[in-house]
Amino acid sequence: MQALLDCCCGVDVHRDSLQVCILKGVTDHPQEIHAEFHTLPADLEKFIQWLKRHQCYHVAMESTGVYWRPVYEAIEEHYPDCQSLMVVNAHHMRNLPGRKSDVKKTQR
C-alpha cells in the first residue's frame with residue numbers, strides 16, 4: 001500500500017498513558033518513532049511538543065471509553081497547526097489480524 005502522508009501519528013489512549021508512534025517518510029519502510037506519555041496535563045503538553053518537534057500534523061487516536069477527550073482537547077487547544085485529528089473505533093481496530101500489543105496498535 002502506498003503511503004499518502006509524509007508524517008502521521010497513531011495514539012493508543014489508556015486511562016494513565018499514551019502509546020504513540022510517528023511514521024515518517026513516503027516509502028515502503030517509513031521511519032518509526034515510538035514514545036510513551038502519561039495523561040496528566042503537563043505530560044500532554046510534552047506530547048504536543050513532541051508532535052511539533054517532529055512536524056507531525058496528522059493524528060489518529062484509538063481509545064475505549066472517554067479517555068480520548070482530554071487528549072483531543074489538548075491537541076485542539078495547543079496545536080492549531082494539526083491538520084487532521086481523528087478518533088478511530090477501537091472495536092474495528094482490534095479485529096484486524098496481527099494485532100498483539102499497544103505498540104503495534106499505534107503503527108497501523
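A: We begin with ring pairs. Two rings of Phe, Tyr or Trp pair if their centres lie within 6.5 Å, with the six-membered ring used for Trp. Keep in mind that this is a predicted model.

Q: Which residues do ring pairs link into a cluster?
A: Phe37, Phe47 and Trp50 are linked into a cluster by ring pairs. The count of aromatic pairs comes to 5.

Q: How are the rings of Phe37 and Phe47 arranged?
A: Planes under 30 degrees apart count as stacked, over 60 as edge-to-face, and the rest as tilted. The pair of Phe37 and Phe47 is tilted, with 5.5 Å from centre to centre and 55 degrees between the planes. Phe37 belongs to strand β3 and Phe47 to helix α1, so this pair ties together parts 10 residues apart in sequence.

Q: Are Phe37 and Phe47 buried or exposed?
A: Both Phe37 and Phe47 are buried.

Q: Why is the pair of Trp68 and Tyr72 called edge-to-face?
A: The planes of Trp68 and Tyr72 stand at 85 degrees, with the ring centres 5.7 Å apart, so the pair is edge-to-face. Trp68 is partly exposed at a relative accessible area of 23%, and Tyr72 is partly exposed at 23%.

Q: How do I check the length of a helix such as α1?
A: Count 1.5 Å a residue, using one less than the number of residues. Helix α1 has 13 residues, 41-53, and should span 18 Å; its end C-alpha atoms are 18 Å apart, which agrees.

Q: Which residues of α1 are buried, and where do they sit around the axis?
A: The general idea concerns the turn: an α-helix has 3.6 residues a turn, so residues three or four places apart point the same way. In α1 the buried residues are Asp43, Leu44, Phe47, Ile48, Trp50 and Leu51. They cover an arc of only 155 degrees around the axis, which puts them on the same side of α1. On the other side, Pro41, Ala42, Lys46 and Arg53 are exposed.

Q: What covers the buried residues of α1?
A: The cover includes strands β1 (7-13), β2 (17-24), β3 (31-38) and β4 (58-63), together with helix α2 (68-78).

Q: How many disulfides does a search of the whole structure find?
A: A disulfide needs two cysteine sulfur atoms within 2.5 Å. The search finds 0 disulfides. For Cys7, the closest cysteine sulfur is that of Cys56 at 3.7 Å, too far for a bond. For Cys21, the nearest cysteine sulfur is that of Cys9, 7.3 Å away. Cys7 counts as buried at 6% relative accessibility, and Cys21 is buried with a relative accessible area of 0%.

Q: What is Val13 in contact with, beyond its neighbours within four places in sequence?
A: Contact means heavy atoms within 4.5 Å. Val13 touches Leu18, Met61, Glu62, Ser63, Tyr67, Trp68 and Val71 in this sense. Val13 is found in strand β1 and is buried, with a relative accessible area of 3%. Val13 and Phe37 are 24 residues apart in sequence, and their C-alpha atoms are 9.7 Å apart in space.

Notes:
Residues are numbered from 1 along each chain as its sequence is written. This is a predicted model: local features need pLDDT of at least 70, side-chain atom pairs count only at pLDDT 80 or more; totals for chains, interfaces and linings use all residues. Side-chain values use heavy atoms; hydrogens and water are left out. Helices (H or I, at least four residues) and strands (E, at least two) are DSSP runs, numbered from the N terminus. Buried means under 20% relative accessible area, exposed over 50%, partly exposed in between (1.4 Å probe, protein chains only). The arc is that of the directions from the helix axis to the C-beta atoms.
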